[in-house]
Amino acid sequence: MSIVLVNGIVARYTDYRESDRILTLYTREQGRLEVAARGCRKAKSPLLCAAQPFAYGEFTLFYNHDKYTLNCADVRETFYPLRNDYDRFAAGSYLLWLTCSGAQTGLANEQMFSMLYHALSFLAYTDCPAEDLTLGYLLRYLDRNGYCPSLIRCANCNKDLRKLQGIRFDERAGGAVCPDCGSGRPVSNLALEAMRRMLMLPDAELHKIRLPHKIYLELKEILPRYAEAVLERPIQLPKSNMIKL
């Protein structure tokens with residue numbers, strides 16, 4: 001048996017037995033971990049706060065026979081305001097699901113952890129549009145996993161797209177394509193530029209993502225389709241009660 005210290009965020013849980021849970025943690029040091037939290041559902045359990053979705057902090061784990069058990073946790077943030085807004089809660093839950101769904105156990109990804117932490121912080125504590133941040137996160141998630149779509153040059157012939165009209169977006173080709181290679185959905189130059197700028201932002205400025213309604217509608221159609229094509233799994237955006245103006 002060994003003791004492992006990780007900084008992580010609780011992505012989800014599964015109840016079992018009378019008072020236990022299996023937590024899915026996304027950690028800075030070891031990527032995704034499945035951790036048993038014994039007795040955490042008891043009213044006086046010291047693990048109760050740490051066994052909730054969105055809980056962020058330092059987790060002390062016992063590792064034995066290829067299994068992790070939660071010993072104690074120093075919870076530093078719960079992102080509690082997310083629970084008071086349906087759209088922000090849905091967006092935050094989606095970010096947790098998206099990040100963990102492709103994460104591997106034992107494989108650290110500090111860039112992804114940083115992006116998740118900052119995105120949840122901005123959803124909880126700023127007025128940044130949840131829908132815009134979600135789209136930006138999806139694009140940056142693809143980029144940090146090696147699936148960034150072609151946005152500057154044609155995915156087929158490598159022609160510079162920045163001064164062309166009639167550009168289309170073809171997920172099968174790997175991104176934007178010139179009119180000569182045209183197939184897929186039409187995409188505006190402004191939408192392509194918006195994606196380029198979202199990729200350039202540091203994590204600490206994700207709250208600056210603000211998309212005009214027309215561009216938002218374009219990316220809402222393009223990005224999930226592209227993500228599903230390259231990741232080979234459903235990537236449906238969270239439903240919103242808000243009408244984006």
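In this predicted model, α3 and α5 pack at an angle of about 35°, their axes 10 Å apart; axes here are lines fitted to C-alpha atoms over the stretch in contact, with angles running from 0 to 180 degrees between N-to-C directions. Helices are DSSP runs of H or I with at least four residues, strands are E runs of at least two, and both are numbered from the N terminus. On the α3 side, the contact (heavy atoms within 4.5 Å) takes in E131, D132, L135, L138, L139, Y141 and L142. From α5 come Y216, L219, K220, L223, P224, Y226, A227, V230 and L231. Sorted by type, that makes 13 nonpolar residues, no polar ones and three charged.

Now for the cores. The largest nonpolar core has 60 residues, and Y137, M195, L211 and L219 touch the most other members. Such a core is a set of buried Ala, Val, Leu, Ile, Met, Phe, Trp, Tyr and Cys residues joined through side-chain atoms within 4.5 Å, where buried means under 20% relative accessible area, exposed over 50% and partly exposed in between (1.4 Å probe, protein chains only). Helix α2 gives the largest share, nine residues. Leaving aside residues up to four places away in sequence, Y137 touches L95, L98, T99, M112, M115, L116 and A119. A second, separate core of 17 residues includes V6, V35, C40 and L47.

S121 sits in α2 (residues 110–125) and counts as buried because its relative accessibility is 15%.

Residues are numbered from 1 along each chain as its sequence is written. Local features need pLDDT of at least 70 and side-chain atom pairs 80 or more, while totals for chains, interfaces and linings use all residues; side-chain values use heavy atoms, without hydrogens or water.

Terms used: Ala, Val, Leu, Ile, Met, Phe, Trp, Tyr, Cys and Pro count as nonpolar, Asp, Glu, Lys and Arg as charged, and the others, Gly among them, as polar.
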